[in-house]
Amino acid sequence: MRPGRERRLVTAALILGMFLAALEATAVGTAMPTVVGELGGVARYSWVFSAYLLTSTTTVPLYGKLADLYGRKRIYVVAVALFLVGSALSGSARSMEQLIFYRAIQGLGAGGVMPVAITLVGDIFTLEERGHMQGLFSGVWGVSSLVGPALGGVVTDYLSWRWIFFLNVPFGTLSTVLLLSFLEEQPMRRGHRLDVLGTVSLTLAITLLLVAVLEGGSVWGWTSARTLALFGGAAAGLVVFFRQERRAPEPMLPLDLFRNRIISVASAGSVVIGTLLFCASAYVPMYAQGVLGGTAIDAGLTLAPVSIGWPIASTVAGRLLLRVGYRPLVIVGGAVALAGCVLLAGVDAATTRPDLMVAMLITGLGLGFMATPYLVAVQNAVPWRRRGVVTSSQQFFRTIGGALMVAVLGALLNARLETLSGGAVTPNAALDPELRGTLAPAALELLAGTLREGLRSVYVAFAVMACVGLIVALFFPGGSAVEHAHEEA
């Protein structure tokens, strides 16, 4: 697509789509403590995130394949439409069970919004421009994430948490109108066979795994027959998936891509990025509101520094990657993210909100330095006809890391709360500002202390994953970005 007014407007449409996705990821995190206080069900807290991440994760590779077969524009429009329907339904939920179900619908659309938008950026900009533009788009994610927590807190405190979901509608609608009006795309005319079995088997495997992790640790027990059966079913689903991907004419997730070291290492790095990003969005606001005694606005402001550090680092990385290559940037990012997570893991009774914000700022800087080089590297390593699949695969690994670890850490948190209190204490009251005001000081201190100790275990797991991320970065191949770029025939 040639530079000019149309490309600027298409870019604006994609920026709006990125804004929509980032707003969803962060605003909901700050609203969830209030949602739990109103609807109850702290034991299902992580499922509100995991249901969304589950459907948005398992559909990402399929969206990438559909975008390669049918064109980016029509698939993007379908994805945004599904996302907006799910958003409207989530805002109308009357129980935690309804909210979880509607979030799953919302995730069906979200699985296509981010990867198709990022694929389009790779299509309409040259190699020299992609570093800057992917850094810009990563920065848009960060800036809109900065707006998200603050907006989520303000809307939750002064209107209702339901408007967190309704606010997605105008952004998504405007993005769709702009794209339909100004993006000209050549119609696709090629034979195709969709990998339905691969999609179904992967979805089933991840679903069974999530249920086993969430329910096995806190409800049934890890050695119960139901938990073991779910783990066995998940393993069987993965076996079917890998066999299908090896023999399918057009696999949903081509396994030969991962023979390329750039793609395999970037995929592992994306798992770590997703783990740190989504788990921070889920569990740092809980500390700010439940332990430190703040409101939803306070919870949002505590998470906001991630969104300051991320765009700064991603923009710098986008400008430097053609000069220094990918590897130095991802190593620096891994080290900085680890430093931030170690600070977070040190929370105690003396920890203040500024302490949390410093840890989140450092973590955000690290994530920004890793995200842009990983993404640009994989896009430049493949031809156009595989760019949709490889871009979506990175989004897949990012969200699968988030989905699984939010579930795992939810099980860890529930188990720690059960151990610390013997089942006699539930943190619901500590998360609701109105209920918190009715508690005696001694009871409130007990609730906050129990929640703090439970979340400290979660933050130690953050630091372990950040250490893994640094080790992964060390395996990224050296050399310049041009050396690793695919040359079209």
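**View 1. Val-265, a buried residue of helix α11.** At 9% relative accessibility, Val-265 counts as buried (buried is under 20% relative accessible area, exposed is over 50%, and partly exposed is in between, with a 1.4 Å probe and protein chains only). This valine sits in helix α11; helices (H or I, at least four residues) and strands (E, at least two) are DSSP runs, numbered from the N terminus. Val-265 and Val-472 are 207 residues apart in sequence, yet their C-alpha atoms are 6.6 Å apart in space. Leaving out residues up to four places away in sequence, Val-265 touches Tyr-374, Val-472, Phe-475 and Phe-476, where a contact means heavy atoms within 4.5 Å.

A word on what you're looking at: this is a predicted model, in which local features need pLDDT of at least 70 and side-chain atom pairs count only at pLDDT 80 or more, while totals for chains, interfaces and linings use all residues. Residues are numbered from 1 along each chain as its sequence is written, and side-chain values use heavy atoms, with hydrogens and water left out.

**View 2. The whole protein, before zooming in again.** Of the 489 residues, 60% count as buried. Among contacts with a separation of 6 or more, 84% are between residues 24 or more positions apart. The protein exposes about 18300 Å², and carbon and sulfur atoms supply 66% of that (accessible areas come from the Shrake-Rupley method with a 1.4 Å probe; for residues, only the protein chains shown count as cover).

**View 3. Tyr-283 and Tyr-459 in the largest nonpolar core.** Of the 137 residues in this core, Tyr-283 and Tyr-459 touch the most other members. Helix α11 (residues 261-291) gives the most to this core, with 17 residues. A nonpolar core here is a set of buried Ala, Val, Leu, Ile, Met, Phe, Trp, Tyr and Cys residues joined through side-chain atoms within 4.5 Å. Look around Tyr-459 and, not counting residues up to four places away in sequence, you'll see it touch Tyr-283, Val-284, Tyr-287, Cys-341, Leu-344, Ala-345 and Val-347. Cys-341 counts as buried because its relative accessible area is 2%. As a general rule, in soluble globular proteins nonpolar side chains tend to be buried together.

**View 4. Cys-279, a buried cysteine.** With a relative accessible area of 0%, Cys-279 is buried.

View 5. The structure holds two salt bridges, each being a side-chain nitrogen of Lys or Arg within 4 Å of a carboxyl oxygen of Asp or Glu. Glu-453 pairs with Arg-452, their closest N and O atoms being 3.7 Å apart. Arg-456 also pairs with Glu-453, and here the closest N and O atoms are 2.4 Å apart. These salt bridges share partners, joining Arg-452, Glu-453 and Arg-456 into one network. Arg-456 and Glu-453 both lie in helix α18 (residues 441-474), three residues apart, about one turn of the helix. An α-helix has 3.6 residues a turn, so residues three or four places apart point the same way. Arg-452 is buried at 18% relative accessible area, while Glu-453 is partly exposed at 24% and Arg-456 is partly exposed at 26%.

View 6. Leu-470 lies in helix α18. The C-alpha atoms of Leu-470 and Gly-269 are separated by 8.6 Å, although the two are 201 residues apart along the chain. Not counting residues up to four places away in sequence, Leu-470 touches Ile-331, Gly-334, Ala-335 and Leu-338.

**View 7. Ser-90, buried in helix α4.** You'll find Ser-90 in helix α4 (residues 72-91), and at 0% relative accessibility it counts as buried. Setting aside residues up to four places away in sequence, Ser-90 touches Leu-99, Tyr-102, Arg-103, Gln-106, Trp-161 and Phe-165.

**View 8. Helix α3 and the glycine after it.** Helix α3 (residues 60-70) is mostly covered, with nine of its 11 residues buried. Among the buried ones are Tyr-63, Lys-65 and Asp-68. Just after α3, Gly-71 takes a positive phi of about 100°.

**View 9. A nonpolar patch on the surface.** Val-154, Tyr-158, Leu-159 and Trp-163 form this patch, with about 480 Å² of accessible area together. Patches are made of residues with over 30% relative accessible area and no salt bridge, with like charges joined within 9 Å and nonpolar side chains (Val, Leu, Ile, Met, Phe, Trp, Tyr) within 5 Å. Tyr-158 lies in helix α6 (residues 127-158) and is exposed, with a relative accessible area of 64%.
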